[in-house]
Structures are given as C-alpha cells and as structure tokens.
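Subject: Handover of a structure for your review

Dear colleague,

Please find the structure below, together with its sequence.

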Amino acid sequence: MSEKLCLVTGATGYIGGRLVPELLAAGHRVRVLARHPEKLRDHPWAGAVEVVPGDVAVEADVRRALAGVDVAYYLIHSLAAGPRFEATDRAIARCFATAARQARVGRIVYLGGLLPEHEELSPHLRSRAEVGLILLASGVPTAVLQAAVILGSGSASFEMLRHLTERLPVMVTPKWIDSRIQPIAVRDVLRYLVGAADLPPDVNRSFDIGGPDVLTYAQMMDRYAEVAGLPRRRILKTPVLSPSLSSHWVGVVTPVPRSIARPLVESLRNTVVCREHDIAAYVPDPPEGLIGFDRAVELALTRVRELRVPTAWTTASLPGAPSDPLPTDPTWAGGDLYVDEREREVDASPAALWRVIEGIGGERGWYSFPLAWRARGVLDRVSGGPGLRRGRRDPDDLHVGEALDFWRVEEVEEGVLLRLRAEMRLPGLAWLELEVKRSSRGRTVFRQKATFHPHGLAGRAYWWSVFPFHGIVFGEMQRNVARAAEALERRHPDPEHATADDLRAVSNPRR
C-alpha cells in the first residue's frame, strides 16, 4: 500500500467523519472539502488533515479540492433535501465527475445503496443508483460500494432500529417488516472504503457489500432485543400503513425526524440482498470473517453505553433548518432582531458555572418547566421538526456542529460561551447564548441571551405571543442553572473534574 492523497467529501457526516481517521491510520494523506470548516475543529484528527473550504455544489470549489488528488471519496447523499433531491444529487454528481476527470484523479470511491432485482426502486435508492452510474461514466476509474442497512453507533438506521425495539414491546407494523435485508457493520464498511483506495486502475464497477446475515426487519428487531437483554417483542402486521404514515409513526417513536425517516422507510420496502461478493478478491475478508448482526449490535450498544460515539446522523442539518450565523451587529441591516437578555451574579466559580452550562439539555433537561419544554418538543415533531428526542451525543462534552435536542451547537468557547441555533420549526431564526463572565467586582456573572430574527408578520406575531413567557421560562432557567453551579461548587472542590454523578446530583429535579 502506497501513500495517496485522498479527498473526503462529507467529512462532517456519519461515515465521512469515521473514514478520515481510518485513512490516516492506513498511511494516507487526507484532504477534506467542507462547506462549514468550523464543524471539523473539534474532531481529534482536525490538525492532521488539509481542509479546503467550499461547497461540493460549486464547480470552482470542487476543482480546487481535487487538484493533485489520487483518490476522491464521494460521500454525498441528499437524504432529506426536499422534493427536488434527485435533481440536486444528479447535478452535484455530474459536477464532481467532470472536475475529477479534468483533475486526472486516479480513482473515485462512492458509497451508494444496495439495489434489489426486478423491483421498483424507492426514490432515494433510484437516485443513489443514478449517481453511481454518473460516476462510473466519468472517465475516472470508479468503485461504487453498495450497502443496505449500516449497523453502527450513531447511524440513522441503527438508531431507528434501536428506538423502535426498545420503546415498543408491542408494535403494529406495515408489510415492509418482512422485507429481506443484508445489513453490514460500519467497521466492515470502513474497511472496504479504505481498501478501495488500492484497487487496480482497470477496475471500474459496482460492488455489493453486506454482512454474513440476511434477515427480515422483524428478525432484526427480535435479534436486537435478544442482544440488548429485552423481552421478545410482539409484532402485529397491518397492510394499512403507507410509507408516509410509517414515517410519521417512526418520527413519533424514535429520534429520527420524518424528513429522514421517510427515505429510510421507503427503502425498506425493497429486498436488498447482495448478489455477489466480488469485493473479496480485492479486499479480502478478515481471518475471523465479516462481523455478524449480533456482534455489530453488541459493538454499537457498547459504544452508546460507554459514550464513545465519534459521529452520528445528527451532525447533518435538517432540511429547512436555519444555517445563517448569528448577526452580531445590533443594528443588523438584514432585518429586525428581537433580544431577551438577562444577567445574574452566581456564588460559584466560573468553572462550576461552565460545567453546568456545557452539560445542559439531553437527560439533564433545561432547568425550567419540563412540561413546557416537552410540549414544545412534541409540537415541533408534529410539525416536522426534530423535537427533543435527538438529545446529545455526550452528556458532558459539546462540539460545534452537533445536535443538542432541537438546537444546533453553533459556537463553543471553552469556559466562556455556548451559542445554540434553533432548528425547531419557527417563523424566523433563533439563537440562545449562555455566557460566563466576570463582573467589575470579580464576581461570576451568568449572561443569558435569546435572539430572534422574525420572518414576516407571522414571525413578529410569534415573538410577541411568547414574550410574556420569557421571564417565566428563561428566568427560572437562569436561576436554576445558577443554583446548580453553586451546589456543584459546594459538592466538589474542583468543579472542572466533577463527575457525571456530581452533575446529576445538582441537576434541577424539575428538569
């Protein structure tokens, strides 16, 4: 294996974020193309790669990123990009194919979907198949790796399976519960992706990749329950649930919102089983064999329980979610900004206050009126938003770009500032800032600021309708965060090294 310069697109996503360190470990140099490079800064490998700012949909950016590249990994999927996703996928793939040919890239590697035989494809499988054909026709040697359900901590498919099985001992299910599927462990997917960098230059084709087990979705839920130590699940089948109704149901029961659940459910209608295992001639199976379903679930659950989930599906923004940065100029020319700002002195060190702030959300909640927060989360999910069920990747550590309930972490200044951008359904854009400051007297100050940029009359009406409740919800939130910091200071002499148990003990019991 010789050192190659590998370009990874989609490095902020679930597979891309895990592929980068694998390529580095294999001795390759890595370059990433990222529309938001700041989302990469907290990855442990960030300092070991070259980052090219740019958008995969912009031809000039793609050409710049591909200059001198030996292997280009195309990990772009518009899983939830709205009704025109097929046209978007097609245009981006053609742009990438043309730029790769002009840059004389040695190989393209694309992770697509496993395709059924003699069945009508779901729209997303159809689009993935089309992207694969575009790249294969690019004039650049291309390997299209086609996988079905990927089993790994943090993947959308695994989280959907996990929450359906754990939360519903009795399930009313549609007919796709009997579709045959050949899932694959994420570790084997990564091994194939890394190995594809060394394929001979005359290899230009697709490869089916899958694990050793072929199961129905019902069998997958039964096997998951067994591995997780749960009682056997009862499954009641009904022909009534369409993919649209099923995706609503999945969106209610699991953290996966409807916009992502629908393409996953639509794909489950198809039989997705490998027709060949030709990849083994180039990337041999390990001596112990491919990872089976039970072992893949066991590995994923271990990572979830030990809080070692390096990437998750939640790092991808939802379609329609705001992405504009917070306007910092109070007289911002882009429109009105409504602000609710309050400060409070805290009888605790800045370190104690920061530990509480960085641990907010998820299981610890938002330190005020839990019923109101839950009701807002339910309302958001009903309207197509993420709600509160995304939780957080780690209870004590936050990275820029990851999800936090129905917020997105926009900025983290360690020990000083946490800025969250709302991804709930709103008639405008909203941010929440939690900041640790020092007063002129040397006292710790907790600054809390909610900012809202309304969209039209509906946005203005929304702000003034909820404004009377700000003093109640945000006021109690600030008081309880301050009290938790003070309790943590009393409980632990060195708050920076307080344990999860310490933080759990001081968390607001009304969370």
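The model is predicted, so local features need pLDDT of at least 70 and side-chain atom pairs count only at pLDDT 80 or more, while totals for chains, interfaces and linings use all residues. Residues are numbered from 1 along each chain as its sequence is written, and side-chain values use heavy atoms, with hydrogens and water left out.

Overall make-up

The secondary structure of the chain comes to 14 helices and 19 strands; these are DSSP runs numbered from the N terminus, with helices being H or I of at least four residues and strands E of at least two. Of the 511 residues, 57% count as buried, where buried means under 20% relative accessible area, exposed over 50% and partly exposed in between, with a 1.4 Å probe and protein chains only. Contact means heavy atoms within 4.5 Å. Among contacts between residues at least 6 apart in sequence, 75% join residues at least 24 apart.

Nonpolar cores

A nonpolar core is a set of buried Ala, Val, Leu, Ile, Met, Phe, Trp, Tyr and Cys residues joined through side-chain atoms within 4.5 Å. The largest one has 42 residues, and those with the most contacts inside it are I357, I360, W366, W407, L418, M477 and V481. Elements that each supply at least two residues of this core include β14 (338-346), α11 (350-358), β19 (444-454) and α13 (456-491). Helix α13 gives the most, with nine residues. A second, separate core of 39 residues includes Y14, V32, A147 and V189.

Aromatic pairs

Rings of Phe, Tyr and Trp (its six-membered ring) pair if their centres lie within 6.5 Å; planes under 30 degrees apart count as stacked, over 60 as edge-to-face and the rest as tilted. By this rule the count comes to 14 aromatic pairs. One of them is the stacked pair of F452 and W463, at 5.9 Å centre to centre and 10 degrees between the planes. This pair links strand β19, which holds F452, with helix α13, which holds W463, the two being 11 residues apart. Both F452 and W463 are buried. Ring pairs also link Y338, F452, Y462, W463, W464 and F467 into a cluster.

Local features

Residue E86 is found in helix α3 (residues 85-102). E86 counts as buried because its relative accessibility is 19%. Its side chain makes a polar contact with the side chain of R126 at 3.0 Å; such a contact is a pair of N or O atoms within 3.5 Å, where within protein one must be able to donate a hydrogen and the other to accept it, and residues adjacent in sequence count only if both atoms are side-chain atoms. Leaving aside residues up to four places away in sequence, E86 touches P123, R126 and S127.

The buried residues of helix α10 are F293, A296, V297, L299, A300 and L301. Among the elements that cover them are α5 (156-167), α6 (186-195) and α7 (217-227).

Two residues in the loop between α11 and α12 also deserve a note. Y367, which lies in that loop, has a positive phi of about 65 degrees although it is not a glycine. Y367 is buried, with a relative accessible area of 2%. F369 is placed in that loop too, with a positive phi of about 35 degrees although it is not a glycine. F369 is partly exposed, at a relative accessible area of 27%.

Yours sincerely
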